[in-house]
Amino acid sequence: MTRRTVFFVSDQTGVTAETMGHSLLTQFDGQEFRPVTLPFISDIDKAGEAVRRINATALDEGKRPIVFSTLVQEDVRAVVKTANGLFLDFFDAFLGPLEKELSVQSTHATGRAHGMSDLVAYTSRINATNFAVANDDGAGARDYEHAEVVLVGVSRSGKTPTCLYMALQYGIFAANYPLTEDDLESDRLPRILAPHARKLYGLTIRPDRLQQIRNERRPDSRYASAQQVQYELRAAAALFTRHGIPSIDTTECSIEEIASRIIDKMGIERRVRP
C-alpha cells in the first residue's frame, strides 16, 4: 500500500474541500492517504505559507502531494498553484463553465458556503439540534408530537449521531427512543410511541459489531455479552416487523448514508441544504 499526503486548502473552514476530496479518494483502493487541512488561507502571505508546507512535504516524502482547493480569490489561488503538488481546485473547475452558461460573472466572494448569509437556514439548524439533544435516548422532553422522525433501536445502534446529523445538515426535527428489555418483551409498542407510529424508523446492526461497540463501553458485562446482544436484536427485528416499522442495518453505512436513506424513505423535506 502506497501513502500519499493530501492537502485540503480553503479560504474558510475547509469542510467543502474535505467533503468533495474524500469522495473522490474513496474510489482508489490500495492507497493510504494522509490528510492535512489548511483552512483560512485568505491572503497572499497565508498562501505563501501553504506553498512552503506543501513543498516541504513533497521534498520529505519524495512524492508531490495532492492538493484539493476551494480557494475563491484568483490571486490567492494563483500563489498556491505554484506549489509542488497536483493542484485540483473545485471553484476553478466549475465557476468558469457556470459563468459561461449563465452569462453572469460570479461574485468570487468567500465564505458563502458555510457562512450565516441565510439566517433562516442557520436558525433552523440550531433549533433542530436543540430539539435532537432534548429528545435524545428517550430522555428529557420526549416531544414526539413535533418530531418529523423518531428513530428506535437497541442501545448503541446509531440513533443519536444520526439524529444530530439530520438536525445539523438539514434542520430536521429528529428524536430517538432506546428499546429496553421491557419494550422488547411486549407485543405492543411502548405507550409513548404508539400515537406516533407513522414517524418511527428502526435502526439495527450486525450482532458482532454491536457486541464490539458495547464491549468498548462496558467490558465483560451482560450488556455486552453475545447472548444479550443477539436477544435484543432478534426482539427488535420482530417488533419492527410486527408493527410495520421500516428499518435499516447501520453496520456498513456511514451516518450520511443512514440519514439520507431515512429521509428518502420517510419523504421528509430537506428544508435546509448543506
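Reader: Happy to start with a cysteine: is Cys163 buried or exposed?
Author: The cut-offs put under 20% relative accessible area as buried, over 50% as exposed and the range in between as partly exposed (1.4 Å probe, protein chains only). Cys163 has 1% relative accessibility, so Cys163 counts as buried.

Reader: Before we go on, what kind of model is this?
Author: Glad you asked: this is a predicted model, in which local features need pLDDT of at least 70 and side-chain atom pairs count only at pLDDT 80 or more, while totals for chains, interfaces and linings use all residues. Residues are numbered from 1 along each chain as its sequence is written, and side-chain values use heavy atoms, with hydrogens and water left out.

Reader: How many disulfides does the structure hold?
Author: A disulfide is a pair of cysteine sulfur atoms within 2.5 Å. The closest cysteine sulfur to that of Cys163 is in Cys253, 16 Å away, which is too far for a bond. Cys253, for its part, is partly exposed at 21% relative accessible area. The number of disulfides is 0.

Reader: Which backbone oxygen does the side chain of Lys159 reach?
Author: Lys159 sits in helix 6 (residues 159–170); helices (H or I, at least four residues) and strands (E, at least two) are DSSP runs, numbered from the N terminus. Lys159 is buried, with a relative accessible area of 3%. Beyond its neighbours within four places in sequence, its contacts (heavy atoms within 4.5 Å) include Asp137, Val154 and Leu203. At 3.0 Å, the side chain reaches the backbone oxygen of Val154.

Reader: How far apart in space are Lys159 and Tyr177, C-alpha to C-alpha?
Author: Tyr177 is among the residues in contact with Lys159. The two are 18 residues apart in sequence, and their C-alpha distance is 8.0 Å.

Reader: What is the phi of Arg156?
Author: Most residues other than glycine have a negative phi. Arg156 lies in the loop between strand 5 (149–153) and helix 6, and is partly exposed at 38% relative accessibility. Although Arg156 is not a glycine, its phi is positive, at about 75 degrees.

Reader: And where is Asp220 found?
Author: Asp220 is another residue other than glycine with a positive phi, near 55 degrees. With a relative accessible area of 77%, Asp220 is exposed. Its place is the loop between helix 8 (207–217) and helix 9 (226–242).

Key: A polar contact is a pair of N or O atoms within 3.5 Å; within protein, one must be able to donate a hydrogen and the other to accept it, and residues adjacent in sequence count only if both atoms are side-chain atoms.
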